[in-house]
Amino acid sequence: ITMNDGNARKYVVEGGVGIISSRLTFQGPLKKDTASFIVTARRTYIDVLVQPFIKKSSPLKGSGYYFYDLNAKVNYRVSDRDRFFMSGYFGKDVFTHKNSKAGFNASIPWGNSTGSFRWNHLFTKKLFMNATAVFSDYRFEFKAEEENFEFRLFSGIRDWNAKFDFNYFPSVLHNVKFGGIYVYHTFTPGTVSARINNVEFDLNKILKQYAHEAALYVNDDFDLNSWLKINAGVRYSYFMQVGPFDRYVKNYFDEITDTIHYNRGDKVAEYQGAEPRLTARFKLNESTSIKAAYTQNYQYLHLAAISSVSLPTDLWVPSSDIVKPQFGVQYAAGVFKNFKDNRYEASVEVYYKTMKNLVEFKEGSQPESTISDNTDNGFTFGGGESY
């Protein structure tokens, strides 16, 4: 996904006012035909408009939801072979509930901030590269107030990311892509605090988790002949959780019996594996084809859900010495048919997918269950399939 580059010749302002949201875009040249910028913003206000239509007796009275986002991008054409891009995004969703009779207020904001710098370089007419550095910061918070009591739950992920992506066209029949990526993760799976009047209660030590993630990949999209096209590739991924980290060892009765301490940079857990993929398209005639695909993937980040709580208290957690990477294998095949000079398309497709090491909180878990404990001590694991 890429953003528009912005108009390099003239300044343009566009906007719109709608029932649900309003938007504004401003773009123009920083240096004519060389550098340009674009800034866009959007904000919803359905939370304000629906209030008059909600009955005072309704449990939804006092509830509101809105989101806003901001995108910005600058690009600079250094030469015919080099271009630089800087872009940023900030967005947040906010759910609120205020009940003056009960003296209860709740707020659930969550969102992401990202910034990136990209260098596009053309080596030859057949080979070009994108080198990208990315910072992202995802934050989720739940805050509740009732009279003199206040409760807060926070979680988030902060990433530093560097990647190199190459495109190589050895001939008109081949499109080869290869490259690598490195990410440094900082996880805050869950931290809780509370306040009564002016007294602050720090209910738990912030148990952050740190990890390195890297991958190398190569992929070739090529035509063997006029009726058979192949897309084949492999990605080798690597993940390592590192210290500082404290592992709380628990017994059968869920009591902490020991603590294993890892210093900064110490290896806590390490995983790696190959992720091959193969897609084939067999053309029966000019309007009919059969397509088939096989893929397998490792996932080192996990979304753990608390089934007993209906609030969005799901937490993102990394693989660890307890949590193994999720592993999925998928098979798919289908028949595709075009009609009336490709004006209409119809298809029938089937797939089957197996999944291992799926993660969920144990039955009866609550957000406060992770206080002064490792989040993954409250997990249960299993497998799955979809088709």
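**Reading a predicted structure**

User: Is Q209 buried or exposed?

Analyst: Q209 is buried, with a relative accessible area of 6%. A residue is called buried under 20% relative accessible area, exposed over 50%, and partly exposed in between, using a 1.4 Å probe and protein chains only. Please note that this is a predicted model, in which local features need pLDDT of at least 70 and side-chain atom pairs count only at pLDDT 80 or more, while totals for chains, interfaces and linings use all residues. Residues are numbered from 1 along each chain as its sequence is written, and side-chain values use heavy atoms, with hydrogens and water left out.

User: In which strand does Q209 lie, and which residues does Q209 touch?

Analyst: Strands (E, at least two residues) and helices (H or I, at least four) are DSSP runs numbered from the N terminus. Q209 belongs to strand β11, which covers residues 209-223. A contact means heavy atoms within 4.5 Å. With residues up to four places away in sequence not counted, Q209 touches H185, T186, F187, P189, Q241, F245, P318, S320 and D376.

User: Where does D376 lie, and is D376 buried or exposed?

Analyst: D376 sits in the loop between β20 (344-361) and β21 (379-386). Its relative accessible area is 5%, so D376 counts as buried. Apart from neighbours within four places in sequence, D376 is in contact with Q209, R247, S320, I322 and V323. Sequence separation and spatial separation can also be read side by side: D376 and D258 are 118 residues apart in sequence and 16 Å apart in space, C-alpha to C-alpha.

User: How many residues apart in sequence are L315 and T375?

Analyst: L315 and T375 are 60 residues apart in sequence, and their C-alpha atoms are 9.2 Å apart in space. T375 is also one of the contacts of L315 when neighbours within four places in sequence are left aside; the others are S155, P189, H302, L303, A304 and F361. L315 is found in strand β18 (residues 315-318) and counts as buried at 4% relative accessibility.

User: Is W110 buried or partly exposed?

Analyst: W110 is partly exposed, at 25% relative accessibility. This residue lies in strand β6. Leaving aside neighbours within four places in sequence, its contacts are Y65, K92, D93, F95, Y138, R139 and F140. W110 and F90 are 20 residues apart along the chain, and their C-alpha atoms are separated by 11 Å.

User: How should I read the backbone angles? Which peptide bond is cis?

Analyst: The bond from G243 to P244 is cis, with omega near 10°. P244 is located in the loop between β12 (228-242) and β13 (245-250). For phi, one may look for positive values in residues other than glycine; N342 has such a value, near 70°. N342 is in the loop between β19 (326-339) and β20 and is exposed, with a relative accessible area of 54%. N357, also not a glycine, has a positive phi of about 60°. N357 is found in strand β20 and is partly exposed, at 27% relative accessible area.

User: How many helices and strands are in the protein, and what does the C-alpha trace span along its principal axes?

Analyst: The protein has 1 helix and 21 strands. Its C-alpha trace spans about 70 × 55 × 45 Å along the principal axes. Of the 387 residues, 34% are buried. Among contacts with a separation of 6 or more, 57% are between residues 24 or more positions apart.

User: How much space lies in the largest pocket?

Analyst: On a 1 Å grid over the protein atoms alone, a pocket is an open set of points where a 1.4 Å probe fits, with protein on both sides within 12 Å along at least five of seven lines; lining residues have an atom within 4 Å of a point. Grid points are joined across faces, edges and corners, and the volume is the space filled by probe spheres set on the points. The largest pocket holds about 590 Å³. It is lined by 20 residues, of which I1, T2, S87, S116 and R118 are the closest to its centre. The elements giving two or more residues to this lining are β4 (63-77), β5 (82-99), β6 (104-122), β7 (127-146) and β8 (149-171).
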